[in-house]
Amino acid sequence: MSSPSATEKKTSTTRSTMWHSDGSVILQAQDTQFRVHWSILALNSTFFRDLQGLPQPPGQPTIDGCPVIDLAGDDVTDVEYLLKALYSPPFLCQKALPLAVIAAHIRLGRKYDFREVLDLAVERLSFDNPTTLAEYDALPAPYPTRILPYDGIEFDIITLARENAIMSVLPCAYYHLLILHKTVDKLFEGVQRSDGSRASLSLNALRECVSGRDKLMHAQLDQQGSCGWYRFWAPGSDCTNSNGRCAQTRDARLRAYLDSPALRALAGFDPQHEANKQVCSACKHHISQSNADGRRKTWDRLPAFFGLPPWGELKDQP
Ligand SMILES: [Zn+2]
């Protein structure tokens with residue numbers, strides 16, 4: 001009676017479709033095995049470069065002479081997404097990728113030091129959640145653009161960033177969420193994804209978000225705020241409206257706001273808008289400046305509204 005070689009891996013496992021017949025190493029995640037190449041792994045990851053150089057421990061399981069590396073604790077789908085990135089550049093270069101792919105690249109990219117894969121994934125989150133007002137203003141709509149959208153993704157982006165300490169994206173991600181969900185009830189409820197599960201925030205994230213909303217709502221009507229002109233601005237000597245229409249517009253904007261308060265802390269002043277059409281061009285210029293100053297000041301303080309360190313100290317975990 002012949003017994004299998006002690007070094008032959010027992011076969012209660014599934015072979016992934018990523019099984020390269022000329023591969024030189026087997027990665028095993030849960031019960032799934034992937035046959036890939038040391039050279040590809042080593043090229044992209046210092047972890048695997050170092051591992052390849054180590055002598056194989058005696059008794060290590062092999063398949064067709066390839067060592068089997070057990071990726072204990074890693075998700076099969078995460079490993080699939082990582083290998084797809086390594087083996088298929090067009091996959092990685094798509095304009096938008098699913099959030100699950102980006103999450104896998106962040107988790108495994110960081111764990112095994114696949115530096116480029118990690119950096120590209122973080123870059124996608126950062127593109128849609130930038131750290132400068134100029135980049136925020138240049139964002140195309142709708143949100144997000146480099147990640148494939150689905151119902152509730154704005155909640156999941158925050159959860160992913162918090163779980164992986166990608167801190168620099170949080171202020172803008174929170175702000176996006178507050179613009180998309182205008183009531184505190186909606187923030188608490190979350191959104192049902194198409195598979196029936198619910199996208200929502202952790203209690204800590206919810207606290208940062210709701211507290212930030214409250215502070216921003218107050219700050220936007222401060223003298224220094226983007227809408228401060230509703231309360232604190234008055235037409236100057238260069239006003240060309242002798243009938244008081246510029247001040248009337250200001251008062252009307254304040255009344256409309258009080259009837260229906262909304263987060264406008266980073267909203268621009270649109271001189272062409274119907275509500276502003278009675279304002280003379282000199283006053284439009286002053287209001288635009290006041291609004292632009294307010295937006296800049298709000299952006300500078302955006303992390304602080306959510307209880308986060310200032311932009312300069314808001315570092316991502318490497
Ligand atoms: Zn005027």
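These legends go with close-up views of a predicted model.

**View 1. How confident is the model along the chain?** Average pLDDT (the predictor's confidence in each residue, from 0 to 100) comes out at 93, and 97% of the residues reach at least 70. Residues 1–7 are below 50, with 4 contacts (heavy atoms within 4.5 Å) beyond near neighbours in sequence. Numbering starts from 1 along each chain, and side-chain values use heavy atoms, leaving out hydrogens and water. Local features need pLDDT of at least 70 and side-chain atom pairs 80 or more, while totals for chains, interfaces and linings use all residues.

**View 2. Four cysteines hold the zinc ion.** The SG atoms of Cys239, Cys246, Cys280 and Cys283 sit 2.2 to 2.4 Å from the zinc ion; donors here are N, O and S atoms within 2.8 Å of the metal (3.2 Å for Na, K and Ca), and water isn't among the atoms, so sites may look incomplete. The site is tetrahedral, with angles of 102 to 113 degrees (the cut-off for four donors is all angles between 85 and 135 degrees). Along the chain, the donors' spacing reads C-x6-C-x33-C-x2-C.

**View 3. The largest nonpolar core has 66 residues.** Such a core is a set of buried (under 20% relative accessible area, 1.4 Å probe, protein chains only) Ala, Val, Leu, Ile, Met, Phe, Trp, Tyr and Cys residues joined through side-chain atoms within 4.5 Å. Ile106, Leu125, Leu216 and Leu302 have the most contacts inside it. Leucine 302 touches Pro171, Tyr175 and Trp311, among others.

**View 4. A second, separate core has 20 residues.** Met18, Phe34, Leu86 and Leu108 are among them.

Note on methods
Four donors count as tetrahedral if all angles lie between 85 and 135 degrees; four count as square planar and six as octahedral if opposite donors are over 155 degrees apart and all others between 65 and 115; anything else is irregular. Buried means under 20% relative accessible area, exposed over 50%, partly exposed in between (1.4 Å probe, protein chains only). Lists of a residue's contacts leave out its neighbours within four places in sequence.
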